[in-house]
Amino acid sequence: MTGKILTPRVAYRPDEEISGTVSWTAEKSPKTAELRLFWHTVGKGDRDNGIAENLIFEMPQPTDARPFSFRAPTFPPSFSGNLISLIWGLELILDPGGAEALELVIGPDAQEVTLDHPDWLIVPETPKRKWPWSR
Amino acid sequence: MFFVVFLVLGLLFLVLLGHHLLRTAATYGWIEVPATVIHSAVINEADQENPFRVAVSFRYQWEGRERSSETYSLSTRRFDNYDEAMKKISGLPDGAATVCYVNPGNPNEAVLRRDGLWLALFLAIPLVAVAIGAGGLFFTWFKKPADAEPLSAPPGGGKARRGMVVFGAVFALIGGSLFFFWFLPAFTKSLVSSSWRETPCTVISSRVKSHSDDDGTTYSVDIFYRYAFEGREFRSNRYTIFGVSSSGRAGKASVVALYPPGSKTVCFVNPNDPQEAVLKRGVDWSISFGLLPLAFLAVGLGVMWSGLRRPTLPQPAAAALVDGGPLTLKPGASPFIKFVSCVGIAVFWNGIVSVFVLDLVDGFSRGHPNWLLSIFLVPFVLIGIGLLGGIVYSAMALTNPRCRLRLTPTVLMPGQRFELAWELYGSTQRIRRLLIYLEGWEEATYRRGTSNYTDRAVFARVPVADFASSLEIAQGEARGQIPDGVMPSFSASNNKILWALKVQGEILNWPDVLEEYVVTVAPTVGGR
């Protein structure tokens with residue numbers, strides 16, 4: 001299967017419309033064709049994911065192209081940290097045929113939230129342990 | 001290899017069970033003819049696991065010729081309980097007229113009773129095993145490589161989730177069947193046995209019975225006694241309704257010692273079925289064994305639920321919907337909980353280590369020191385000593401002042417200012433310095449082998465209060481601000497973004513006050 005997800009851009013603010021076209025070419029008509037707006041985590045922790053919206057295409061043909069439109073969710077935003085990153089995406093799933101994904105950014109100002117920010121990590125001077133034997 | 005084992009074991013079980021069922025089913029095609037019981041009895045073969053054997057002999061006519069058989073039914077008729085064996089021959093006294101079933105292909109073969117076909121229900125178990133084994137091998141060898149798993153598919157994949165549902169259903173079915181068809185009837189009988197009639201009885205034999213298998217040896221009370229009820233003599237070997245065996249021989253031996261052979265005592269007889277009697281009536285501790293099927297049922301249903309559950313989209317914190325204030329915060333874990341946890345871990349660890357240490361000490365005292373084991377145990381003993389130190393430390397922390405925090409507003413959002421009021425109670429004068437700060441961190445849980453690990457990485461720490469004067473430490477107010485643009489609280493199964501207010505109070509020569517109050521940072525209207 002060759003599939004394509006075409007959108008005018010890949011970064012969105014919450015509540016913005018995400019629209020575009022999906023197209024595919026397969027050897028025979030897929031039993032099901034579905035487009036999902038989803039997020040998943042990458043990083044040190046085991047993968048979590050979730051589906052915000054999905055669209056099931058009726059009567060998919062071996063070669064086909066369909067328009068779609070979703071609303072960008074308000075939460076969770078795309079973010080990136082030392083251990084965890086959260087990535088939004090569109091995924092076209094044909095059965096049989098496999099899957100094709102397009103990575104998106106959904107966040108304030110159409111940017112991902114970056115956890116590493118020097119201004120946020122103000123290290124207070126924590127009390128030092130003083131035991132009688134450490135004097 | 002996994003699928004081969006499933007297939008071979010499943011086929012083996014299927015053949016054995018199938019053969020038995022086919023033979024049993026064949027008896028339903030045998031010819032029913034009149035028969036006369038020559039002799040019937042229950043034989044006590046005490047050296048057997050199930051000592052009570054049904055022994056019958058009967059004669060019957062086939063094509064004008066008299067024949068005889070000693071087969072009660074195709075399956076071996078042995079019982080652990082005397083009354084169950086007696087019920088099989090009730091109505092079959094010597095000389096009684098009855099019917100038997102003759103194999104027309106071999107008229108010398110006849111049975112007095114045909115076995116039930118309920119075992120066919122258990123065919124599902126080997127059939128499932130064969131299906132898993134054969135299906136797995138087929139897909140491994142013949143199926144073309146599967147399409148890549150979609151990123152949006154539930155972690156573990158749909159097949160794994162379906163597997164969980166099947167596995168949970170089998171567990172739940174076994175647990176549910178045992179609970180409803182074994183535990184509940186016996187439990188009901190235990191309750192009803194409280195009204196059974198007290199009757200004098202004489203002990204014929206008594207012993208502690210051993211049951212050995214791969215998991216070790218368990219013991220049960222085995223007391224055989226006779227009693228007279230309404231002019232007839234009966235025998236029973238039931239001590240309680242639940243005749244379970246368990247570890248610990250001494251407890252059973254002390255019970256058996258109360259019933260030496262020949263001693264007179266009382267039993268409790270079911271007036272509706274005098275063949276049933278127990279030495280101890282009502283519900284006793286052994287009924288707790290019957291709750292095991294309930295645990296199976298609960299685990300099975302839990303696994304099924306996990307397999308059926310769909311992952312949900314993390315929602316913005318509920319606090320975002322209800323603004324107001326102030327909010328009184330609760331600490332994550334109280335010093336008492338920490339103390340109890342320390343005690344629990346230390347007792348568990350040192351309990352295990354002490355078994356080896358005592359063995360070692362015993363060897364030294366007998367003049368046979370085991371130096372290799374001594375060296376091996378050193379790090380384990382040191383950890384145990386460290387854990388004992390942890391108990392002392394957490395016990396000292398029990399006397400520390402406690403802190404109450406009130407937060408205004410209840411909803412924290414990126415860029416927002418907040419007010420925090422604190423009140424310390426207890427011996428606050430011991431605190432030399434109080435530090436309160438807001439901390440945000442990532443928390444990632446991952447599996448390596450059979451263990452789960454959780455890593456933390458702090459990405460934001462904002463001081464809220466820092467006081468050294470005892471008046472200001474005891475109670476006060478401070479203002480803070482969540483940095484603009486930070487990530488709000490987020491919680492998925494394995495990955496989290498958490499925020500907490502942390503209170504740290506320095507006490508000289510004593511464990512510090514360390515308390516954590518988890519707060520929710522909600523996204524702003526713009527999604528951040």
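Q: Which residues of β1(A) form its covered face, and which form its uncovered one?

A: The model is predicted, so local features need pLDDT of at least 70 and side-chain atom pairs count only at pLDDT 80 or more, whereas totals for chains, interfaces and linings use all residues. Residues are numbered from 1 along each chain as its sequence is written, while chains are lettered from A and ligands numbered from 1 in the order in which they are written.

In β1(A), A:G3 and A:I5 belong to the covered face, while A:T2, A:K4 and A:L6 belong to the uncovered one. Strands here are DSSP runs of E with at least two residues, and helices are runs of H or I with at least four, numbered from the N terminus.

The strand belongs to an open, antiparallel sheet of three strands in chain A, ordered β1-β3-β6. Because β1 (2–6) and β6 (63–71) of chain A stand at the edges with a single partner strand each, one side of each has no neighbour in the sheet. Neighbouring strands in this sheet are turned by 20° against each other on average, direction ignored; axes are lines fitted to C-alpha atoms, for helices over the stretch in contact, and angles run from 0 to 180 degrees between N-to-C directions.

Two strands count as paired if DSSP finds at least two bridges between them. Five bridges link β1(A) to β3(A) in the antiparallel sense, and A:L6, on the uncovered face of β1(A), stands opposite A:T21 in β3(A).

Of the 135 residues in chain A, 39% are buried; a residue is buried if 20 or more other C-beta atoms lie within 10 Å of its own, exposed if 12 or fewer, and partly exposed in between, with C-beta atoms placed from the backbone. Among contacts in chain A with a separation of 6 or more, 65% involve residues 24 or more positions apart, a contact being two residues whose C-beta atoms, placed from the backbone, lie within 7 Å.
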